Amino acid sequence: MNLIFLGPPGVGKGTQAKHICEYYNILHLSTGDILRNEIKNASKIGLTAKSFIDKGALVPDNVLLDLIDARLNKHDAQSGYILDGFPRTIAQAEGLNNLMSEKSHHLDAVISLTADEEELINRLIKRGKDSGRSDDTPTIIKQRQKVYWEQTSPLIDYYIKKNVLLEIDGLGTVPEIRDRIVLAISSNA
Ligand code: ADP
């Protein structure tokens, strides 16, 4: 099973993606984690990515597409995955379509997690206090929200038109939301 997790910063995509990967025994691919790891290793990609991430901006599409292309070719990505934080632009989504069809990977569903903006900002400011992430400060959080509404939210309509979008209410406890996702996926199959 191959899934995409979509939603604004702070909605709990990462947490839910981890649970759902365990549930279905599939791979969790978080582009945020992959990029932070590149930064930690001071690789060329990491150095490029850091300048964008620290501003709350998106890393260029071609960087992400090359990264995902290479990652999806690996052996462990042939029996199912969740893409968490990717795609984030229409260009990335179009690129992903091409990559997946080249590799004969089928997209089963796009999980769109929703929550209201005020709740999201509060969650992120709270997380920033213990995540130590350089982009979890109030100014950068607002910038990331803005980038989400401008560049990423058009993907909701994009995937509705492709008939693969499952919208999930992201307010509630972690297990409640996980159960909603599992139910939506199994009723969709
Ligand atoms: P969140 O969902 O909490 O905003 P992520 O950990 O998914 O955070 O991503 C952190 C940052 O990494 C983003 O703000 C962006 O700069 C960069 N990034 C992650 N995924 C992508 C992507 N698909 N395209 C461009 N930039 C990305």
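Predicted model: local features only at pLDDT ≥ 70, side-chain atom pairs only at ≥ 80, totals over all residues.
A polar contact is taken here as a pair of N or O atoms within 3.5 Å. Arg 127 puts a polar side-chain atom 3.3 Å from an oxygen atom of the ligand, so the pair falls inside the limit of 3.5 Å. Lys 13 also reaches a ligand oxygen, with a polar side-chain atom 3.1 Å away. Gln 92 goes for a nitrogen atom of the ligand instead, and the distance there is 2.9 Å. On its own the ligand has 550 Å² of accessible area, and the protein covers 96% of that.

What about the rest of the shell? It counts 19 residues around the ligand, and the closest are Thr 31, Ala 57, Gly 85, Gln 92 and Arg 144. Helix α2, which spans residues 31–40, supplies the largest share of the shell, with four residues.

Five strands make up an open sheet with parallel pairing, and their order reads β2-β3-β1-β4-β5. At the edges sit β2 (27–30) and β5 (165–169), each of which pairs on one side only. On average, neighbouring strands of the sheet are turned by 20° against each other, direction ignored. At the β5 end, strand β4 (residues 109–114) runs parallel to β5 and is joined to it by five bridges. Within this part of the sheet, Val 110 stands opposite Leu 165 of β5.

Two spots in the backbone deserve a word as well. Most residues other than glycine have a negative phi, and most peptide bonds are trans. Against that background, the bond from Phe 86 to Pro 87 is a cis peptide, with omega near -5°. Pro 87 belongs to the loop that links β3 (81–84) with α5 (90–102). The other spot is Asn 25, which is not a glycine and yet has a positive phi of about 55°. Asn 25 lies in the loop between α1 (13–24) and β2, and β2 is one of the edge strands of the sheet.

Technical notes: Residues numbered from 1 in each chain as written. Heavy atoms only, no water. Pairing = 2+ DSSP bridges. Helix = DSSP H or I, 4+ residues; strand = E, 2+ residues; numbered from the N terminus. Axes fitted to C-alpha atoms, helices over the stretch in contact; angles between N-to-C directions. Near = heavy atom within 4 Å. Polar contact = N/O pair within 3.5 Å; in protein donor to acceptor, adjacent residues only side chain to side chain. Areas by Shrake-Rupley, 256 points an atom, 1.4 Å probe, with all protein chains shown as cover.
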